[in-house]
Amino acid sequence: MLLPEGDQRDLWVVDGRFTDEPVDDTAPLPGHFALPGMVDAHAHSALGPSREALGLAEATEALRRRREEGVLAVRDLGAPHSITLRMVPDPSLPRMRAAGRWLAPEGRFYPSFHEPVPAGALIDAALAEVTAGARWVKVIADWLPDELNYDAALLGRLVEAVHAAGARVAAHTAESCVSEVVAAGVDSIEHGWLLSTGDLETLAARGGAYTPTLAALHSPLPAEAPPERVARRGRWQEAARVTVGEAVARGVTVLAGTDTAGTISDEIGYLIDFGLTPVQALRAATIDARAYLGLTSLEDGAPADVVTFDVDPRDDPGVLSEPAAVVLGGVRVR
């Protein structure tokens, strides 16, 4: 059974690609249910679990671990010193769409792995990342409550310049000024728990995407977190219970992304808990995310990226952490 929709048909893998044409002398993959290779659409491969910067070898190993979970494509939305842009393409690792470094001004992002970008240098810094190989540019659009890091007009010019260079813009935004960020024309909203219905309609009309990063929203706060930070987290969680389902209803492409917290299996579980059906949540981590990133799924002639399971993950998302087989580019890697 081919998921997430539940089609029942046979597929074979020949020379690294799917085919509908029967092939003799093949070995069946274990498992009864097949998903396209899963996608983590908001990852930070070069950050450790405590948000420590990783070296090139460690970041590569982090990608390898994702592959073992059945994550066969990654949109990496920020790495210290653009380290992900220096990774040598490796067909044995998940397919990468990387953004290079974070773009934020002084004092408006984590200082330990951030090189500040003043407003006057924003567009040149973004285009430098694209020249270095970035398929996406990641702008930290807000950091303090109700205050943009860069004014809306500059964000709009950033989008125009990046689009002209052939790349797209993802925006970190967690505050109420998210409406100005959406209006600037960014391609995807990251976190965005305070998106309004109007924001979602605008985003949907231009084919935009939304990555709610719910696992990150539920990651433990430090014991010494001040009361106002705890309260703000609670408001975000309450708002997200409306925003996530409303995004799907308004036609926004919802993407599953872990940020630096949990696994893609965890994220799918949170999406279901926050109102998506199991099929919608699986789409957010497979066919919808793959299409948005320009990747194919379980189609005749497509590269054979597939994950199989013994139990239907629509009934029990917990089984996503235990794939029966993982095949990347026609090669079984698990």
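Reply: Val39 sits opposite Ala73 of strand E5, with strands taken as DSSP E runs of at least two residues, numbered from the N terminus. This is a predicted model, in which local features need pLDDT of at least 70 and side-chain atom pairs count only at pLDDT 80 or more, while totals for chains, interfaces and linings use all residues. Residues are numbered from 1 along each chain as its sequence is written, and side-chain values use heavy atoms, leaving out hydrogens and water.

E5 (residues 71–76) and E4 pair in the parallel sense over four bridges; pairing requires that DSSP finds at least two bridges between two strands. The open sheet has three strands in the order E4-E5-E6, with parallel pairing. Its edges are E4 (38–43) and E6 (95–98), each pairing on one side only.

Val39 and Ala73 also turn up together in a nonpolar core of 13 residues, with Leu77 and Ala289 among the others. Such a core is a set of buried Ala, Val, Leu, Ile, Met, Phe, Trp, Tyr and Cys residues joined through side-chain atoms within 4.5 Å, where buried means under 20% relative accessible area with a 1.4 Å probe, protein chains only.

On strand E6 you will find Arg97. Arg97 is buried yet has no salt bridge, and the nearest side chain of opposite charge, Asp305, is 8.9 Å away. A salt bridge would need a side-chain nitrogen of Lys or Arg within 4 Å of a carboxyl oxygen of Asp or Glu. Beyond residues up to four places away in sequence, Arg97 touches Val74, Arg75, Asp76, Arg135, Trp136, Leu293, Gly294 and Leu295, with contact meaning heavy atoms within 4.5 Å.

How values were computed
Buried < 20%, exposed > 50% of the residue type's maximum accessible area, 1.4 Å probe, protein only. Lys, Arg positive; Asp, Glu negative; His and termini not counted.
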